[in-house]
Amino acid sequence: MTGGLLVSGALAALLASAIPSQQSPSVITDPPPDKIVIEVATVNGSGCPAGTAAVAVSQDNTAFTVTYSDYLAQVGGGAPSTAFRKNCQLNLIVHVPHGFTYAVASADYRGYASLQPGASSAEKASYYFQGSPNTESRTHSFRGPYDDNWQATDETDWAQLVWAPCGVQRNFNINTELRVSAGTSDPSQTSFMTMDSTDGDISTIYHLAWKECPGR
């Protein structure tokens, strides 16, 4: 099945105290000269069984892609009663070049949905840094009849970005969820929602913005 989603879950909620309000970030037109390294600490959830999620970083270090190969929620037509909701929690270790910090400016997802008349589905994404009391979440809903790629994009203006604390290692957490409801649809018919692309994987791209830490 093909996918063409772009859902984005807009920004991670970073510690607001990381950057004093009187400071205005200077725009970095080029990515940092050193490498950003992103690795998966843990992957947990019914939507990402062991071995079905991977992370890759773009060559210019301004984005990273999380790829899934088994992320599907479904109801009706004999689907297991627990299959209506699937989730995946990623805990990422982000090694940032010395003297820089970053924020997540946007996130693009891909997916496909086949919903019977009367059925509905939703994708939810939550973002937060370890140790932060805040979580930023976005939800995108769809209603049947629907049989197509699904897409949406969330972005945040530069002035509204909240940055990872300088000089502190904080793991970045991404929790996504797919949920399908049969509603008034025919229970003998299957409705489903998936995150995937033409090759059977979902590629979720998280776009990073950069700034120099104070005193660099």
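## A covered strand

Strand 6, which spans residues 100-108, is mostly covered, since nine of its nine residues are buried. Buried here stands for a relative accessible area under 20%, exposed for over 50%, and partly exposed for values in between, with a 1.4 Å probe and protein chains only. Strands (E, at least two residues) and helices (H or I, at least four) are DSSP runs numbered from the N terminus.

Strand 6 pairs in the antiparallel sense with strand 11 (residues 154-155) over two bridges. Two strands count as paired if DSSP finds at least two bridges between them. Within this pairing, Ala 107 has Asp 154 of strand 11 as its bridge partner.

## Basis of the model

The model is predicted: local features need pLDDT of at least 70 and side-chain atom pairs count only at pLDDT 80 or more, while totals for chains, interfaces and linings use all residues. Residues are numbered from 1 along each chain as its sequence is written, and side-chain values use heavy atoms, with hydrogens and water left out.

## The chain as a whole

The chain contains 14 strands and zero helices. Of its 216 residues, 46% count as buried. The chain exposes about 10,100 Å², of which carbon and sulfur atoms supply 47%; accessible areas come from the Shrake-Rupley method with a 1.4 Å probe, and for residues only the protein chains shown count as cover.

Among contacts between residues at least 6 apart in sequence, 84% join residues at least 24 apart. A contact means heavy atoms within 4.5 Å.

## Two open sheets

Strands of a sheet pair through backbone hydrogen bonds, either parallel or antiparallel. Strand 8 and strand 9 run antiparallel and are joined by eight bridges. Ser 126 stands opposite Ser 137 in strand 9.

Another open sheet has four strands in the order 4-13-7-10, again with antiparallel pairing. Strand 4 and strand 10 (146-150) stand at its edges with a single partner strand each, so one side of each is left without a neighbour in the sheet. Neighbouring strands of this sheet are turned by 10° against each other on average, direction ignored. Strand 7 and strand 10 pair in the antiparallel sense over five bridges, and the partner of Ser 114 in strand 10 is Asp 147.

## Nonpolar cores

A nonpolar core is a set of buried Ala, Val, Leu, Ile, Met, Phe, Trp, Tyr and Cys residues joined through side-chain atoms within 4.5 Å. The largest one has 36 residues, of which Phe 64, Tyr 102, Phe 172, Ile 174 and Tyr 206 touch the most other members. Elements that give two or more residues to this core include strand 3 (63-68), strand 6, strand 8 (120-129), strand 12 (172-181) and strand 14 (202-212). Apart from this core lies another, of five residues, among them Ala 103, Ala 105, Trp 163 and Ala 209.

## Asn 91 in strand 5

Asn 91 lies in strand 5 (residues 85-95) and is buried, with a relative accessible area of 11%. Residues up to four places away in sequence not counted, Asn 91 touches Glu 39, Val 40, Ala 41, Thr 42, Asn 171, Phe 172 and Asn 173.

## Disulfides

The structure holds two disulfides, a disulfide being a pair of cysteine sulfur atoms within 2.5 Å. One joins Cys 48 to Cys 88, with an S to S distance of 2.1 Å. The torsion about this S-S bond is about 100°, so the disulfide is right-handed. Cys 48 lies in the loop between strand 1 (37-44) and strand 2 (53-57) and Cys 88 in strand 5, so the pair ties together parts that are 40 residues apart in sequence. Both Cys 48 and Cys 88 are buried.

Cys 166 and Cys 213 form a disulfide with their sulfur atoms 2.2 Å apart, and this link is left-handed, with -100° about the S-S bond. Cys 166 lies in the loop between strand 11 and strand 12 and Cys 213 in the segment after strand 14, so the pair ties together parts that are 47 residues apart in sequence. Cys 166 counts as partly exposed at 27% relative accessibility, whereas Cys 213 is buried with a relative accessible area of 11%.

How values were computed: Axes fitted to C-alpha atoms, helices over the stretch in contact; angles between N-to-C directions.
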